[in-house]
Structure formats: structure tokens, C-alpha cells
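Student: I'm new to this one. Could you walk me through how to read a few of its features?

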Amino acid sequence: MYFAKIMACAAAVLIAVPAAAEELRQGGKLLLTNGVTTIEGASGGGISTWALIAGNETTDGIGGSAHVSIVVLPDYDWQSHGAAIGLFDRVELSYARQNFNTRDIGAALGIGQDYVLRQDVFGAKVRLFGDAVYGSPWAPQVAVGVQHKRNLDGWVARAVGAKETEGTDFYVAATKLSLSTSILVGATARLTKANQNGLLGFGGDKGEDYSVQFEGTLGYQLSRRFVIGGEYRTKPDNLGVAREDDWFDLYAAYAITRNLTATAAYADLGSIATVPKQRGAFLSLQASF
Amino acid sequence: MLLTALALFLQTAPSPGEEPVDPYEIKDSNAGATPFSGTGMLEAFGGKEGIRRIVDRFVDANLADEEIGEIFAGHDQVRLRRTLFEQFCYILNGGCRYTGRDMKSSHKDLGTQHADMNRLVENLQAAMATEGVPFAAQNRFLAKLAPMKRDVVER
């Protein structure tokens, strides 16, 4: 239903943009410059949001993408899927559903064996200025965005001490591929209250206000199709009963075709819901047009 | 006065096999980028002969390209190959002078879109890869061309 709203929004934007009256041009982005999809549904890496806009379109067209991601951890399974629309390489509208299977921990915490914590994330991003590839090597592509998160298992979030079951993140992201060194650099500042991305609600006994968190990535482009790198993401630590750690990953992304990108990563998500050392494999497939 | 006119005429007299063009001031800075220092990049591109093969493959690919072939079709192919070679050779520090027009006037009214520029880059990448230019060196060269986008793509 919410996705239908997003589609309706997109349609409204289309009607409002004069360029739509001219001939739209399908595709045209350089490989990998639409990024892959984060666990929150935005264009970026796996855990950090970048200033790139989803879809294969350029400033003269409309594109989109769909993704499925899994993170296999020692005690949990994370799964997310969703879709995004890119409008004229300017605006990105995204939706992602996150499903977090608590497996045996669910039973141990008393919420039920294999209890799945679910969350919807609705995102909007606007590229303000700059180009991640072209132009001055010192001028990054810069975007701002919002992510509205609706935890669908609010009773669990409240039980662990969260203040809210819905929350909205605000971020500004800068991304640049330095062609002279083949190095990709990205940095994002995010205002958020989310506990474990929002899967454990928003705010808590240790803090109920927004805090500024950082996301960064460094990558190296090995070929037109292949980039390797790492990401780091700081997170709030609002819940007294469940310590939260920063996230870290090492990734490899490969553009199999213009329309299909695969990502594999080693991810260290630290302590989640009282269980430490959640390190495992992140795998993601993104289709785009 | 007469000398200046004569100099201008000599500068812009068409090379063999090329159509005449309107006079313009010839200077290396028309290439739109400063040359690399040293010989590393020139060697990575296989010297002048390598650059010539890359330019020929690049122009052939652009002409045959179903998306951007039309943009190239109307141009003097002899002059295009010569000036592109000069530009690449100059930037790669191959000891060439660039005698073509600057990027803004040479791309004026072509109606080039962002997707065309990207397509051109992909054709250049393919031509460089075929010549065996290492990817990092390909990117270093593209870094010299990337700032030209504002003069090539029409907004």
C-alpha cells in the first residue's frame, strides 16, 4: 500500500517535471554508478548510503531497481528486499522491507522461536549538486535524503525499552570516484534515533534524542565491472539492556550485466539484542533498468 | 596585418584529405587538459603507435555505435582522427602539438546528452582495453577528460 503511495508520488513528480514532455531516454549510466542497494533500500553500498541515484537513467530519463539481500549471522538471519525509482538522476524514491529472524535467540528472549522482527523503510533522496565521476576531481556528488522507518513489531521494541516504534532519519551524503587513483570515497552524516536500524525501535533509556552518526566507504575500482572496498557505520547506543556496536564490512561488487549487480561482503554487525560477535556473510543481488 | 592573415591562413590550411574549416587560434590549451609528466602514461598506451590504434578503434566504434553513431557521421573523419590523435598524444606527453579546436566550440550544437558522453567513455574504455592499457592507467587518462563534460554535454 505504501509502495503504491510512492508510485503515485513518482507519477506526480513526472507530470511536474517539464523534461518529461520531451523524449525520455532509457538507461545510459556508466556501470556501477547507480551503486548497489543498502539494507535500507537506498542506493549506496551494503550498509552506508551514498549520494548516487538508483536506476540506470541519466538526467534525461527514468530508471529503477529492485533488490534482495541477506545477511547470514551466527545467531540471526537478516533479509531485506525492495525497489527504487530514479528520476532524471536527480530524485530517488525507495522502499525496503527488512525481516530479521531471531532463530533460537527469539526463544531465549521469550518472544518466540524464529520470531521475525519486521520493518518498512520508505526513502527519498535528492541529488543537490556535483557528479560522482565527471567534473572537478575535488567536487563530489552531494545528496540529501530522508528514511521513514515503521517497525511492524513495536511490542518487542517497547519491551526492550525503545521509546518509539516509528522514526525518521535525515542524512547528507557525498560520493566521489577519484579517476586518477581509481579510489571511491564516500561519507554520510545521519541524524537518527534508530536502535539496530529501527528493528529494535527508536530511542531508549540511555538516549531518546536524535544523534549524528557517520557512514563512510573506501573502495577501489579494479575494472569497469568490479569494485572492492569497505564500509564503516556508527550507530546510536540507546538501549540499556542491549548494547549496540558500530558496523563494518568488506565488500566486492560486480556488474554481471548492465542490469544485474551482485555484491558479497564480510560484515561485522557487533552485538545485536544482547548477543555479541554477529559476524557473517552479506549477499545481495540488484536488478536495474 | 598581411603577415597575421598569412599566418592564420597557413595555420588553418586544411591538411591533406581534410575539408577546410573556419579560422581559429591554434594553441595546445585547446586540448582542454594539461599533459602528464614523465613517460609512464605514454608507455602504458603503447607509445604513439598504440595511441594511433586506440584512436582508430575508438572512432570506428563510435561510428558503428547505434546510440551515438549519428553524432559522428556528419564529421570530417580524416580531421577527427588527426585531431583526436593529437589531443591524446599531447595529454599523454607524447610530444605532439594539439592543433584542433577547443572542446566547447568543437562540440557546439551537437546536442550531446549525458548518456552519449557515457557511451563515448565506454567505447574509449573498450579501445584502451583492447590495446592492453592497464585499468588504473585508463582511469588516470579519463581523469584528464572528465572535467571536459561541461563543454561537451548540452544542458
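Tutor: Let's start with a helix, α3(B), whose buried residues pack against α2 (40–44), α4 (69–73), α5 (77–91) and α7 (114–130) of chain B. Contact here means heavy atoms within 4.5 Å, and buried means under 20% relative accessible area, exposed over 50%, partly exposed in between (1.4 Å probe, protein chains only). Helices (H or I, at least four residues) and strands (E, at least two) are DSSP runs, numbered from the N terminus.

Student: Before we go on, what kind of model is this?

Tutor: It is a predicted model: local features need pLDDT of at least 70, side-chain atom pairs count only at pLDDT 80 or more, and totals for chains, interfaces and linings use all residues. Residues are numbered from 1 along each chain as its sequence is written, chains are lettered from A and ligands numbered from 1 in the order in which they are written, and side-chain values use heavy atoms, with hydrogens and water left out.

Student: Which residues of α3(B) are buried?

Tutor: They are Gly47(B), Gly50(B), Ile51(B), Ile54(B), Val55(B), Phe58(B), Val59(B) and Asn62(B). Down the axis of α3(B), these buried residues fall within an arc of 160°, so they line one face of the helix. That arc is taken from the directions from the helix axis to the C-beta atoms.

Student: How far does helix α3 of chain B reach from its first C-alpha to its last?

Tutor: The expected span of a helix is 1.5 Å times one less than its number of residues. Helix α3 (residues 47–64) of chain B has 18 residues and reaches 26 Å, close to the 26 Å expected.

Student: What does Thr99(B) touch?

Tutor: Leaving out residues up to four places away in sequence, Thr99(B) touches Tyr24(B), Ile26(B), Arg82(B) and Glu86(B). Thr99(B) sits in the loop between α5 and α6 (103–106) of chain B. Its C-alpha is 6.7 Å from that of Thr83(B), 16 residues apart along the chain.

Student: Which residues other than glycine have a positive phi?

Tutor: Phe88(A) is one of them, with a phi of about 55°, and it lies in the loop between β4 (77–87) and β5 (91–101) of chain A. Ala273(A) is another, with phi near 45°, in the loop between β13 (260–268) and β14 (279–288) of chain A.

Student: Are Phe88(A) and Ala273(A) buried or exposed?

Tutor: Phe88(A) is buried, at a relative accessible area of 8%, and Ala273(A) is buried too, at 10%.
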